[in-house]
Amino acid sequence: MDIGSLMLKSSQHPGTVSTLLNPFPRRPWLTDSGAAAAAGGKATGFKGIVAGGITGGIEICITYPTEYVKTQLQLDGKAGAGKEYTGIWDCVTKTVKTRGIFGLYRGLSVLIYGSIPKSAVRFGSFETVKGFLMDADGKLNKKTSFLAGLCAGATEAILVVTPMETIKVKFINDQRSANPKYKGFLHGVTMITKEYGFRGVYQGLTPTILKQGSNQAIRFCTMETLKDWYKGGDQTVAIPKLVVGTFGAVAGALSVFGNTPIDVVKTRMQGLEAAKYKNSLDCMIQIWKNEGPMAFYKGTVPRLSRVCLDVGITFMIYDSFMEIFKRFWH
């Protein structure tokens, strides 16, 4: 068939040529709408960055106290002089008694500065990878949604989460001492980088990549699966925000039970006493020998409550902003 025949066929049957010339049928943006569709794919990734950044800032202000308690319990030793808290409520009451209600927000500034870019990178990465992996109907299956989430988690771990979490854990760990030495965010960051260097800010990179990668893989896979189940194959079906929040809570719970042991190792490797561990594997072995296997699930309850609330709120806010962007941002 020569080019003249193709042009004649195109005039009689619009869209035929673009379909014939598209060697990647699973990439619908390469057909009919041509370059405009490709630009739309890039725009979706950028929308994900903006919506994710806004979502991250709002979410962390709501859920931070549970993150604080979780970190304190994970830093707590098994017994003896290093043991400070008997449980969640004991940690809350002692903190409020000694430092006031705002003591539960110690280290919040670190997460505010970090949560906005973290969430932006997470959702921007997911939307970008999704654009390459989705099928002709714009959907992901379980494997591709898991892979897209894994890529999003690994990207945020390297670019944002590891330095942010290291500084946050050191801030909270510092409060456990009789005379805290960090007077504020800038002062604390300056002292941490001066004392530990750039490498010190990236302590626990490996467990953080494993944690964030598995976190987002489980969450996005669960969310995409539950959304497809609710829609029953009809992509035009709107999902109520409360249902989205419930799906997010389920996704968050599954991620907690799936990777809390990694989170405990990550927290220990980023604390002020990280020097006593040779590496993440040595940290895991020492926890197992000295504190027993249940130590890997320290802080599970406060983390579970925080993460379920966190992920539920996050997806509700994110979906809301993406819907707004689709209406007014073309």
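Mentor: Buried means under 20% relative accessible area. Keep that cut-off handy as we go through this predicted model.

Trainee: Okay, so why does Glu 291 count as buried?

Mentor: Its relative accessibility is 18%, so Glu 291 counts as buried. You'll find Glu 291 in helix α10.

Trainee: What does the side chain of Glu 291 make a polar contact with?

Mentor: The side chain of Arg 268, at 3.0 Å. The cut-off for an N or O pair is 3.5 Å, so 3.0 Å falls within it.

Trainee: Why is α9 called roughly perpendicular to α10?

Mentor: Helix α9 (residues 241-270) and helix α10 (residues 280-291) pack at about 105 degrees, with axes 10 Å apart. Roughly perpendicular covers 65 to 115 degrees, so α9 and α10 get that label.

Trainee: Which residues meet there?

Mentor: From α9 you have Val 264, Val 265, Arg 268 and Met 269; from α10, Ser 280, Cys 283, Met 284, Ile 287 and Glu 291. By class, that contact has 6 nonpolar, 1 polar and 2 charged residues.

Trainee: And which residues touch the most other members of the largest nonpolar core?

Mentor: Tyr 64, Tyr 68, Val 69, Ile 167, Phe 171 and Ile 192, out of 22 residues in that core. Helix α3 (35-75) is one of the elements giving two or more residues to the core, and α3 gives the most, with 6.

Trainee: What is Phe 171 in contact with, leaving aside neighbours within four places in sequence?

Mentor: Its contacts include Val 110, Tyr 182, Phe 185, Val 189 and Ile 192. There's also a second, separate core of 20 residues, with Leu 140 and Phe 220 among them.

Terms used. Residues are numbered from 1 along each chain as its sequence is written. This is a predicted model: local features need pLDDT of at least 70, side-chain atom pairs count only at pLDDT 80 or more; totals for chains, interfaces and linings use all residues. Side-chain values use heavy atoms; hydrogens and water are left out. Axes are lines fitted to C-alpha atoms, for helices over the stretch in contact, and angles run from 0 to 180 degrees between N-to-C directions. Helices (H or I, at least four residues) and strands (E, at least two) are DSSP runs, numbered from the N terminus. Angles under 35 degrees count as roughly parallel, over 145 as roughly antiparallel, 65 to 115 as roughly perpendicular and the rest as oblique. Contact means heavy atoms within 4.5 Å. Ala, Val, Leu, Ile, Met, Phe, Trp, Tyr, Cys and Pro count as nonpolar, Asp, Glu, Lys and Arg as charged, and the others, Gly among them, as polar. Buried means under 20% relative accessible area, exposed over 50%, partly exposed in between (1.4 Å probe, protein chains only). A polar contact is a pair of N or O atoms within 3.5 Å; within protein, one must be able to donate a hydrogen and the other to accept it, and residues adjacent in sequence count only if both atoms are side-chain atoms. A nonpolar core is a set of buried Ala, Val, Leu, Ile, Met, Phe, Trp, Tyr and Cys residues joined through side-chain atoms within 4.5 Å.
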